[in-house]
Amino acid sequence: MAVTATTPARPALTPLAVMQDAPVIPVIVLHDVAHAVPLARALVAGGIRMLEITLRTPQALACMEAIARDVPDAVVGAGTVRSAADGQAAAMAGARFAVSPGYTHAVGQACRDLRLPLLPGVATGSEIMLAQEDGLSELKFFPALQAGGPAMLKAWSGPFGDVRFCPTGGVTPANAAELLALPNVVCVGGSWLTPADALAAGDWARITQLARAACQLPRPTSRT
Ligand code: 3PG
């Protein structure tokens, strides 16, 4: 009898589970594949497992592959997913969730086909309605501070009371707590956990420290 190799089934990841894992989803730009694994290990050591690797550099897919292969405690996600092809490439590279700067039905369909949980970016009521037409109610508010910040999230809590947000864009340690205190915010996204100078210097201890501090940001327990 032939022996068939089987891969243990992974529990299904949902957009909400991606958002609930930690107060911050780091938005990561990597130019050097050699940085990928030590960076991921540094973030995981600080308590951050959901890692958004942006598709903004030629090295991004190779970085995802390296992390997916070598850092089992990390959950690799793809950021800057702008097309179905981006979603397909990211899934092939080991991404387990996707984040997009905006929303199109094509990206939504591709991620559904790929079983890739998607956090689509929205900045207007119409964009929220388009995403909800496709069954998506966990959304990235992007660019959050530039597009209205906490006041916009408060305004949306009336008509879109069933939507939960990850504000991203202009979020800093100084304003993250105010955003996280809003009832329709589950987590925030930001690039401050992975400063370019720390990456260039290989200062992984600093990145672990930044991740640890991010994990200490208060979140109402109802959203965790
Ligand atoms: C991005 O897409 O670059 C993110 O929104 C990160 O923005 P930030 O650098 O303002 O955190």
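**A loop and its surroundings**

Guide: Let's start with Pro143, which is found in the loop between S6 and H7. (Helices, H or I over at least four residues, and strands, E over at least two, are DSSP runs numbered from the N terminus.) Residues count from 1 along each chain as its sequence is written, and side-chain values use heavy atoms, without hydrogens or water. The model is predicted, so local features need pLDDT of at least 70 and side-chain atom pairs 80 or more, while totals for chains, interfaces and linings use all residues.

What is the peptide bond from Phe142 to Pro143 like, cis or trans? It's cis, with omega near -10 degrees. Most peptide bonds are trans.

In one of them, Val122 has Phe141 of S6 as its partner. Strands pair if DSSP finds at least two bridges between them. Zoom out and you get an open sheet of 8 strands with parallel pairing, ordered S7-S6-S5-S4-S3-S2-S1-S8. S7 (164-167) and S8 (188-190) are the edge strands, each pairing on one side only. From one strand to the next, the twist averages 25 degrees.

(Contact means heavy atoms within 4.5 Å; angles run from 0 to 180 degrees between N-to-C directions of lines fitted to C-alpha atoms, for helices over the stretch in contact.)

Back to Phe142: along with Val27, Arg56, Thr168, Gly169, Gly170, Gly190 and Ser191, Phe142 surrounds the ligand, going by heavy atoms within 4 Å. By class, that shell has 2 nonpolar, 5 polar and 1 charged residues, with Gly counted as polar. Oxygen atoms of the ligand lie 2.6 Å from a side-chain N or O atom of Arg56 and 2.5 Å from one of Ser191. Gly169 brings a backbone N or O atom 3.5 Å from a ligand oxygen. Of the 310 Å² of accessible area the ligand has on its own, the protein covers 76% (Shrake-Rupley method, 1.4 Å probe).

Key. A polar contact is a pair of N or O atoms within 3.5 Å; within protein, one must be able to donate a hydrogen and the other to accept it, and residues adjacent in sequence count only if both atoms are side-chain atoms.
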